[in-house]
Structures are given as structure tokens and as C-alpha cells.
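Please walk through this structure one part at a time.

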Amino acid sequence: MPRTPHASPHLRVMSVLGLLAGLLLLLGMTFTPGAAAAPAADPVRVMPLGDSITGSPGCWRAVLWNRLVAGGYKDIDFVGTLPPPGCGQAHDGDNEGHGGELVTNVADQNLLPGRLASTRPDIVVMHFGTNDVWSSIAPDRILAAYTKLVAQMRASNPDMRILVAQLIPMNPSSCPGCAQRVVDFNARIPGWARAAGTDRSPVTVVDQWTGFSTAADTYDGVHPNASGDGKIAARWFPALSAVLDAGVPQDPGDPGDPGEDPAACTARFRAVSSWQGGYQGEVTVTNTSAAAVPGWTATVVPSDGARLTQLWNGSLTTAADGTATVRNAAWNGTLAPGASATFGFVATAPATAGTPAATVTCTGTAPAA
């Protein structure tokens, strides 16, 4: 008995595709078999950076994470080399909050670059310096450490967004002077942030001090309890959500990739010698970009009312508030990748000034196109 021929599976599939294409054309649409969907953007990587208040267990991070998710921020990734210590609620617990660490030690020992390389954050949320204040380290030295960490963040990602906290209050029974030292240090942070921020990599100050009670919001005068965790998260949320809403440039790429800052540099201050009423200092400018720069400009904000009065290996302009702008000399402006130039100066200082210190930043001149 003759058998009715059947279309092959391949022909049946093609017929269905043809029919589908015809229907789509009637609807004014097009159909391309095998077309790939556009790749989704990578999540924004947020590094919580600090000491035990951030990491041990740092449950404000869990509160903040869940508030962000509830607010519709889905494409975020908290990052850090430390695992979550557990806070009784589901959250992305990766963090960079190392219990007992001093920010000055992290800067002096260059601990941050390796942590940044492992996690590649787009945003850093930093509450750091409580142990330094406890240890009676001068605000100028802590702020100098902040400046170095910010430079290292930008070397990792020139578009880094940086949120820096004014520290929560501290009033442990074993440190009667800590409460006022936190107040004194916090008062310095906004001025430092204004000098450290750039259009490409802004620094935002988040007030974690106001409205926070060591009696009601900590369990030991230092570390937050559940009430304190809620208050800390509530202060971070609007600042972080504003950065996320504005959009964060991602994937800074490897050195030399298109879009990398062609004129990135860092500046480092060193006191050479000091005397009653003044000191000699020097600043080293280093080209951290992948291309040679034809020039550089450094900003020096001396502490304790000091003023630069003499300078060599550069040209000096001083603002009314004492902020010094130094531009390269003719012979030391061009810096190859990784190369440095140093300028020196003499500063006058009030008799009551402490150890010589200054906040220093720099920008490189972009190579001609």
C-alpha cells in the first residue's frame, strides 16, 4: 500500500519559521533567526571599606543592601576580600571591613591596591579612622592617609565614586578623650573632601555623626547595635542611591585601553625638617597613567595655618586661604609612565602648629591629540 510522504523535520521547522516571519511582517515587525539579545550591563560593584564598624559584623551593610533592593536597585554587587560574617538576614555580605585596622597603617603599608585589584569596585563606601582617633593619631595624618587611599582608588579606577563618612560618635569608658577627638576629626573632613574631589571622581561626605547616640545606638560606646545599624544604613542610602541614579562609568579597562585617563597622577608629601615657626617639605608627583604626560599641576593644602613661602623645581601660586598651586618647571614636566618629579618648599607655621602635614593632590596635562 503506498505511504503518504511526510515532510522532513528540517522542512517542517523552516515552514514554521516562514509562517512566523510572514505574520511578523504583517504586524510591521522583522524577524531574524538566531539574533542575540543585547548583553546585560554588569552590576555596579560597591566596596564597603573600613574597620570593625564596617565588617565585624557591620550589620548596617545588611540593612543597607535590603533597603537598596527594596528600592528597586537590583544590579548591584557588594564586593570585598572578606566574606559575610552573618547578620541574621539575607544580603550580599562581601566587604572590606578589617577589625582593628588603622587607616594610617593601610596607607603606610600599601594594603589597599591588592584589595582593589581583587574586587574592582566602581564605588567605595568608607567609614574608616575610628581606631586612629582612639590611638590619638593627629587628624592631619589620618587625612593624609585618606588622600593616599583615594589616589590608589583612582589608580584602580579613574572614575571611582567615593563616599566618605564623618565617623559615628565614640565614647568608651576606657577612652575619655575619644568623644572630643571624633568631633575634632569630623570637622576636618568636609574641607579635605572639597580638595580631594574631582569632576571625574567625586568625593561625597556622608554625616554619620549627627543624631547618633553612643548610649542608645551602640553596645559598648563604639560599635553599633541594631538601632545604630539602622541609623547608619539610613544615612548611606540617599547618598549611595544618588550615585546609582546618576550612573556609574564601568570597566575602566587595562592600562592603555580606550577611555583610560591619559593624565592620571598621584602626589605624596614628606616633611624634610622642621623648626619653631616653619618647616621644609617636598612633594613627589608620579605619573600613574599608561602614557607620558607633558606637564603636571599639584595642589598643596598645608595644615595648621602654615603657608608656603619659598619653592623650587616648580612655579607657585598661593590662594588667600593658603592653598598652594604648583606647576611643573620647564625641565621636569614631561613624565614617562611610572616616572616621578619632586619639588621642595619652605613653609612658615604658627608657633602652636603640630607636626608638619599637608593634603596634596595632582593632575597631569593630557597629551596633545
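Helices (H or I, at least four residues) and strands (E, at least two) are DSSP runs, numbered from the N terminus. This is a predicted model, in which local features need pLDDT of at least 70, side-chain atom pairs count only at pLDDT 80 or more, and totals for chains, interfaces and linings use all residues. Residues are numbered from 1 along each chain as its sequence is written, and side-chain values use heavy atoms, with hydrogens and water left out.

The protein chain has 10 helices and 14 strands. Of its 369 residues, 45% are buried, where buried means under 20% relative accessible area, exposed over 50%, and partly exposed in between (1.4 Å probe, protein chains only). A contact means heavy atoms within 4.5 Å. Among contacts between residues at least 6 apart in sequence, 73% join residues at least 24 apart.

Helix H3 spans residues 60-70, and its buried residues are Trp60, Arg61, Ala62, Leu64, Trp65 and Leu68. The cover over these buried residues includes strand S1 (44-50), helix H2 (52-55), strand S2 (76-78), strand S4 (123-127) and H10. Just after H3, Gly72 has a positive phi of about 95°.

Helix H10, one of the elements covering H3, runs over residues 226-246. Its 21 residues reach 30 Å from the first C-alpha to the last, close to the 30 Å expected at 1.5 Å a residue; the expected span is 1.5 Å times one less than the number of residues. H10 has a kink of about 30° at Phe237, shortly before Pro238. The bend at a residue is the angle between axes fitted to the seven residues ending there and the seven starting there. Phe237 is also among the buried residues of H10, which include Trp236 and Ala239.

Next come the packed helices. Two packed helices are described by the angle between their axes and the distance between the axes. Here axes are lines fitted to C-alpha atoms, for helices over the stretch in contact, and angles run from 0 to 180 degrees between N-to-C directions. Helix H5 (residues 112-119) packs on helix H7 (residues 139-156) at about 30°, with the axes 10 Å apart. The crossing is right-handed: a crossing is left-handed if the near helix is turned anticlockwise from the far one by less than a right angle, and right-handed if clockwise. Leu112, Pro113 and Leu116 of H5 meet Leu149, Gln152, Met153 and Ser156 of H7. These residues divide into 5 nonpolar, 2 polar and no charged; Ala, Val, Leu, Ile, Met, Phe, Trp, Tyr, Cys and Pro count as nonpolar, Asp, Glu, Lys and Arg as charged, and the others, Gly among them, as polar.

H7 also crosses helix H8 (residues 178-196) at roughly 35°, and their axes come within 11 Å. This crossing is right-handed. The residues in contact include Tyr146 and Arg154 of H7 and Phe185 and Trp192 of H8. By class, this contact has 9 nonpolar, 1 polar and 3 charged residues.

Within H7, Gln152 is buried, because its relative accessible area is 12%. Leaving aside neighbours within four places in sequence, Gln152 is in contact with Asn110, Leu112, Pro113 and Leu116. Gln152 and Cys265 are 113 residues apart in sequence, and their C-alpha atoms are 10.0 Å apart.

Pro158 counts as buried, because its relative accessibility is 13%. Its C-alpha atom is separated by 7.6 Å from that of Ala264, 106 residues apart along the chain.
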